[in-house]
Amino acid sequence: MHDPNCIFCKIVAGEIPCRKAHEDAEAMAFHDIRPLAPVHLLVIPKRHIATLYDATPADEGILGRLLVLAPVLAKAQGAGDGFRVIMNTGRVGRQEVQHIHLHVIGGPDTLGPMLPRGEH
Ligand code: AMP
Ligand code: ZN
């Protein structure tokens, strides 16, 4: 479960400090160290799941829990008028930390379009 090389497992274990926004038995949320907006939280399962590709039906509960926490935490941080959740996955998704995390990004009128519109 605990991956000794995983930075977010180390945060869960209290081995690396964080600005904690929430903790319960299964989940934790903390402020992103390089925020992209006034509100930028990372909501994670305490249990190590590397990527969304590695999630199984046994993870449905915790993945649902992360999503249900998102609006509660967003509101508590001052993003009560909308926010965005992003879960970068794998190489193409540019996932940098290999422990599932939901980005909760918001703040007053800070978000642009979801992605730049190109030719597809
Ligand atoms: P991703 O590309 O979705 O894997 O994003 C990883 C995020 O983790 C980035 O936004 C980083 O700024 C953030 N991050 C990396 N290390 C830490 C840390 N020690 N505390 C808080 N956020 C971190
Ligand atoms: Zn981990």
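Q: Which residue meets Arg-47 in a salt bridge?
A: In this predicted model, the side chain of Arg-47 meets that of Asp-59 in a salt bridge, at 2.6 Å from N to O.

Q: Where do Arg-47 and Asp-59 lie?
A: Arg-47 and Asp-59 both lie in the loop between strand 3 and helix 2, so the pair ties together parts that are 12 residues apart in sequence.

Q: Is Asp-59 buried or exposed?
A: Asp-59 is buried, with a relative accessible area of 5%. Arg-47 is partly exposed, at 34%.

Q: How many salt bridges does the whole structure have?
A: The search finds 4 salt bridges. One of them joins Asp-24 and Arg-65, again at 2.6 Å from N to O.

Q: Which parts does the pair of Asp-24 and Arg-65 tie together?
A: Asp-24 belongs to the loop between strand 1 and strand 2, while Arg-65 is in helix 2, so this pair connects parts that are 41 residues apart in sequence. Asp-24 counts as buried at 18% relative accessibility, and Arg-65 counts as partly exposed at 31%.

Q: And what does Glu-23 pair with?
A: Glu-23 forms a salt bridge with Lys-20, and the closest N and O atoms are 2.5 Å apart. Glu-23 is partly exposed, with a relative accessible area of 38%.

Q: Which residues are linked in a network of salt bridges?
A: The network links Lys-20, Glu-23 and Lys-46.

Q: Turning to helix 2, how many residues does it have, and what span does it reach?
A: Helix 2 has 17 residues, and the distance from its first C-alpha to its last is 25 Å. That value is close to the 24 Å expected at 1.5 Å a residue.

Q: Where does helix 2 bend?
A: Helix 2 bends by about 30° at Ala-70. A proline, Pro-71, follows within four residues.

Q: Which residues of helix 2 are buried?
A: The buried residues of helix 2 are Ile-62, Leu-66, Leu-69, Ala-70, Leu-73 and Ala-74.

Q: What do the buried residues of helix 2 pack against?
A: They pack against strand 1 (20-23), strand 2, strand 3, strand 4 (83-86) and strand 5.

Q: How many residues are in the largest nonpolar core, and which have the most contacts inside it?
A: The largest nonpolar core has 16 residues, and those with the most contacts inside it are Val-43, Leu-66, Leu-73 and Val-104. Strand 2, strand 3 (39-45), helix 2 (60-76) and strand 5 (102-106) each supply at least two residues of this core. The largest share, 6 residues, comes from helix 2.

Q: Leaving aside neighbours within four places in sequence, what is Leu-66 in contact with?
A: With those neighbours left aside, Leu-66 is in contact with Ala-27, Val-43, Ile-44, Pro-45, Met-87, Ile-100 and Leu-102. Val-43, one of these contacts, is itself listed with Leu-66 among the residues with the most contacts inside the core.

Q: What does the second core include?
A: The second core is separate and has 8 residues, including Phe-8, Cys-9, Met-28 and Leu-42.

Q: How many aromatic pairs are there?
A: The count comes to 1 aromatic pair. Phe-8 and Phe-30 form this pair in an edge-to-face arrangement, at 5.3 Å centre to centre and with 80° between the planes. Phe-8 lies in helix 1 (residues 7-12) and Phe-30 in strand 2 (residues 27-31), so the pair ties together parts that are 22 residues apart in sequence.

Q: Are Phe-8 and Phe-30 buried or exposed?
A: Both Phe-8 and Phe-30 are buried.

Q: Back to the backbone: what is phi of Arg-94?
A: Phi of Arg-94 is near 55°, a positive value in a residue other than glycine. Arg-94 is placed in the loop between strand 4 and strand 5 and counts as exposed at 68% relative accessibility.

Q: And what about phi of Asp-109?
A: Asp-109 has a positive phi of about 50°, although it is not a glycine. Asp-109 is found in the segment after strand 5 and counts as exposed, at 83% relative accessibility.

Terms used. Residues numbered from 1 in each chain as written. Chains lettered and ligands numbered in written order. Predicted model: local features only at pLDDT ≥ 70, side-chain atom pairs only at ≥ 80, totals over all residues. Heavy atoms only, no water. Phe/Tyr/Trp six-rings, centres within 6.5 Å; stacked < 30°, edge-to-face > 60°. Buried < 20%, exposed > 50% of the residue type's maximum accessible area, 1.4 Å probe, protein only. Core = buried A, V, L, I, M, F, W, Y, C linked by side-chain atoms within 4.5 Å. Contact = heavy atoms within 4.5 Å. Expected span 1.5 Å × (residues − 1). Bend = angle between axes of the 7 residues up to and from the residue.
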